[in-house]
Amino acid sequence: MADASTEAAIVQQIRSDYKYGFSDAEDYVFKSGKGLTRELIMQISRLKQEPEWMLDIRLKAFEVFKSKPMPTWGADLSGIDFDDIHYYVRPSEKAETNWDDVPEYIKNTFDKLGIPEAERKFLAGVSAQYESEVVYHSIREDLEKLGVIFLDMDGALRQFPEIVRQYFGTVIPMSDNKFAALNTAVWSGGSFIYVPEGVKVDIPLQAYFRINAQSMGQFERTLIITAPGSFVHYIEGCTAPVYSKDSLHAAVVELIALEGSKIRYTTIQNWSNNVYNLVTKRAKAFRNAAVEWIDGNLGSKITMKYPAIFLMEEGARGEVLSIAFAGKGQHQDAGAKMVHLAPHTSSTVLSKSISKDGGRASYRGLVKVLPKAENIRSNVRCDALILDPESRSDTYPTMDIGNQNVHIGHEATVSKVGDEQVFYLMSRGLSEDDAITMIVNGFFEPFTKELPLEYAVELNRLIKLEMEGSVG
Amino acid sequence: MSDPLLKIENLHVAVEGKQILRGLNLTVRPGEIHAIMGPNGSGKSTLSNALMGHPSYLVTSGTVTYKGQQIQELPADERARQGIFLAFQYPTAIPGVSLGNFLLAAVRNVRGAANVKPLEFRKELMACMKDLGIRQDFAGRYVNEGFSGGEKKRVEILQMAMLRPSLAILDETDSGLDIDALRIVAEGVNRQVTPEMGVLVITHYQRLLDYIKPDFVHVLVSGRIVQSGGPELALELEARGYDELLRTHGADAAPVVAGA
Ligand SMILES: Nc1ncnc2c1ncn2[C@@H]1O[C@H](COP(=O)(O)OP(=O)(O)O)[C@@H](O)[C@H]1O
Ligand SMILES: [Mg+2]
């Protein structure tokens with residue numbers, strides 16, 4: 001009995017609930033000690049054989065990171081110990097384009113997660129990141145011939161240094177927030193996508209992020225540029241093993257949608273419950289361009305993530321469609337930012353959250369309209385479903401409207417699972433748990449229906465697992 | 001005579017601390033159709049909900065025996081799996097859940113997952129929808145969300161057709177239906193009735209009973225059955241109204257000895 005509460009026993013218990021909770025033995029080419037120093041940053045840059053200008057950016061960002069205080073306006077980040085994190089772990093020598101060349105144990109991990117299988121079935125390209133580096137990437141040949149670039153960020157810096165230099169940090173400056181600065185200092189991996197003018201990538205490109213080591217920091221950096229009239233749908237998924245010590249995931253994602261192009265960026269995040277997930281995502285949409293963030297937040301200990309869209313020029317459209325599931329011990333602090341910089345721009349936010357077993361879901365959003373941005377439309381809707389009295393939901397919407405000639409709507413609802421709904425489903429033979437899960441799936445349906453079928457099925461399965469996690 | 005399918009004895013049911021059913025007795029044998037009529041608020045839906053196992057409808061005394069077993073303690077899903085079906089007076093909307101997915105889950109739970117093949121299920125569903133005049137695209141619509149009153153009632157009967165119950169309780173299935181829809185729905189019910197099955201038709205009006213012909217008619221007033229008879233009783237009630245019965249048996253009338 002005495003052992004039941006030991007750390008090992010608890011971790012074991014959590015592991016058996018979380019399907020992705022297995023871990024691999026570590027057999028790495030390079031693993032930094034704990035903590036972050038100027039020397040380590042120089043070493044990372046040297047190992048990557050980066051140009052001098054990138055090292056300069058990193059070192060400057062490191063100073064910004066140190067100078068910025070820990071944000072206190074959102075979730076409780078006091079548990080993060082920056083000295084107790086491995087900032088750079090290189091599992092293999094290079095990103096392979098042939099699956100067979102990926103180290104065996106990493107291959108097994110991704111096999112278990114279904115990665116190459118998914119690629120064969122329905123993806124136009126795949127990238128797989130393990131710890132700090134992308135270990136595998138591929139793209140359909142016909143797309144490559146059309147000039148579509150889909151690389152890991154390090155590879156892009158080597159092969160297309162001028163494009164990277166032109167856009168890197170132009171959407172999210174290093175000084176934006178403490179974690180964006182940290183990412184800029186130690187970034188590694190992530191995806192780089194460039195879609196040439198008029199090219200429409202008909203099926204999704206996918207990246208998969210896996211943290212394996214304990215006390216690991218993953219800092220991928222993603223940059224997507226769509227040239228005029230082009231289209232791409234990018235999907236990312238993430239998981240990590242369960243440890244008693246916390247890991248940190250602080251990504252930066254920058255999107256640039258040039259005139260008349262469209263980017264859809266879908267995230268299905270399912271981190272284990274010991275990951276701090278503090279991600280900065282921002283897009284710029286130019287004339288008649290559209291950006292859609294489809295953001296699914298399951299798992300993690302704390303998530304702070306507010307995908308943003310800057311509507312730069314007339315006719316730009318932005319949409320954030322997000323769900324958050326906050327279970328036991330979790331705080332999902334998620335939301336959206338829409339900044340209307342030009343007239344005749346429009347934005348839509350639909351945020352749906354569920355809290356359960358004492359979990360906490362917060363919506364934090366901003367709609368900002370600059371004085372010259374006339375005739376804009378913005379519509380924000382947040383729905384929260386609270387499954388038990390221990391759980392909590394809050395909304396923190398901010399409106400900063402500098403122009404009178406605008407159409408703005410905001411609506412927020414908080415509800416519980418209705419007894420009559422549960423009874424109705426039970427009268428048709430569903431158990432009480434299945435009935436509640438069905439109601440929850442229905443609540444998330446406006447999100448799920450935007451996903452490719454395979455992901456929708458997977459998401460419903462994950463929600464079912466989350467729902468079962470509480471029973472007993 | 002065959003064993004009863006359903007035997008309700010001295011049933012007392014309270015809702016939110018209020019006693020609604022006060023000693024109700026009723027026996028339904030396989031193959032029988034019973035109509036229960038009564039004024040608004042007499043407890044008809046309370047009886048339906050209590051038979052289906054709604055947790056807010058508390059059986060304070062008495063028993064409900066179904067296929068030889070007492071079921072008053074069973075949860076609703078267990079009753080559904082044993083073949084009891086309730087067509088609701090006010091079906092609840094389940095946003096985001098498509099009728100097709102909902103019905104697949106329901107049919108799997110009631111008939112057993114192994115017995116339900118998706119393709120055959122689909123064929124059966126489409127056939128049943130056609131019989132009830134429900135457009136095919138309803139399979140993709142969210143359960144009862146934005147349905148008209150009549151559409152809800154049709155879809156209740158569709159569920160009955162798919163779940164193939166042994167005991168069907170139809171709670172005011174006729175309300176909200178125009179005359180054509182009433183005929184289609186009633187024909188749908190009649191098609192499903194088998195010699196093994198029992199049906200409780202709860203209605204306020206006689207007109208449904210022109211289509212679904214009851215073997216017995218009971219009048220429920222203030223939580224008790226105060227009169228029983230053959231189909232002619234329904235016509236009588238239609239002519240007479242409930243006023244007289246309410247005067248003799250209503251809540252203010254002298255108490256009747258329960259179960260006597
Ligand atoms: N869920 C409920 N909560 C509170 N009172 C109820 C509930 N259901 C029924 N009642 C009460 O019980 C009485 C009988 O209602 P009901 O069974 O719906 O009658 P009927 O279906 O015959 O019109 C009414 O006084 C009604 O207000
Ligand atoms: Mg009623």
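In this predicted model, domain 1 of chain A puts 18 residues in contact with twelve residues of domain 2 of chain A. Putting the two together buries about 1,200 Å², and carbon and sulfur atoms give 68% of that area. As for where the domains lie, the assignment for chain A runs domain 1 over 4-305 and domain 2 over 420-472. Their centres, taken over C-alpha atoms, are separated by 29 Å.

Now for the helix packing. Two packed helices are described by the angle between their axes and the distance between the axes. Here are the pairs side by side:

| Helix pair | Angle between axes | Distance between axes |
|---|---|---|
| α3(A) (residues 52-67) and α9(A) (residues 178-186) | about 150° | 7 Å |
| α2(A) (residues 38-47) and α3(A) | about 155° | 10 Å |
| α5(B) (residues 149-163) and α6(B) (residues 179-192) | roughly 10° | within 10 Å |

Take α3(A) and α9(A) to begin with. Their axes pack at an angle of about 150°, which makes α3(A) roughly antiparallel to α9(A). The crossing of this pair is left-handed. On the α3(A) side, the contact is made by A:Ile57, A:Arg58, A:Ala61, A:Phe62, A:Val64, A:Phe65 and A:Lys66, while α9(A) brings A:Lys178, A:Ala181, A:Leu182, A:Thr184, A:Ala185 and A:Val186. By residue type, the contact of α3(A) with α9(A) splits into nine nonpolar, one polar and three charged.

Helix α3(A) also packs with α2(A), at an angle of about 155°. These two helices are therefore roughly antiparallel to each other, and the crossing of α2(A) and α3(A) is right-handed. Helix α2(A) contributes A:Arg38, A:Ile41, A:Met42, A:Ile44 and A:Ser45, and α3(A) answers with A:Leu55, A:Arg58, A:Leu59, A:Phe62 and A:Glu63. That contact of α2(A) with α3(A) divides into six nonpolar, one polar and three charged residues. Look out for A:Arg58 and A:Phe62 of α3(A): they turn up in the contact with α2(A) and in the contact with α9(A).

Over in chain B, the axes of α5(B) and α6(B) cross at roughly 10°, so this pair is roughly parallel. From α5(B) come B:Arg154, B:Ile157, B:Met160 and B:Ala161, which meet B:Ala181, B:Ile184, B:Val185, B:Gly188, B:Val189 and B:Gln192 in α6(B). The contact of α5(B) with α6(B) is made up of seven nonpolar, two polar and one charged residue.

A:Phe22 sits in the loop between α1 (7-17) and β1 (30-31) of chain A. Setting aside neighbours within four places in sequence, A:Phe22 is in contact with A:Thr109, A:Lys112, A:Leu113, A:Arg210 and A:Pro241.

Note on methods
Residues are numbered from 1 along each chain as its sequence is written. Chains are lettered from A and ligands numbered from 1 in the order in which they are written. This is a predicted model: local features need pLDDT of at least 70, side-chain atom pairs count only at pLDDT 80 or more; totals for chains, interfaces and linings use all residues. Side-chain values use heavy atoms; hydrogens and water are left out. Axes are lines fitted to C-alpha atoms, for helices over the stretch in contact, and angles run from 0 to 180 degrees between N-to-C directions. Helices (H or I, at least four residues) and strands (E, at least two) are DSSP runs, numbered from the N terminus. Angles under 35 degrees count as roughly parallel, over 145 as roughly antiparallel, 65 to 115 as roughly perpendicular and the rest as oblique. A crossing is left-handed if the near helix is turned anticlockwise from the far one by less than a right angle, and right-handed if clockwise. Contact means heavy atoms within 4.5 Å. Ala, Val, Leu, Ile, Met, Phe, Trp, Tyr, Cys and Pro count as nonpolar, Asp, Glu, Lys and Arg as charged, and the others, Gly among them, as polar. Domain bounds come from an automatic or database domain assignment. Buried area is the accessible area (1.4 Å probe) that two parts lose on being put together, summed over both.
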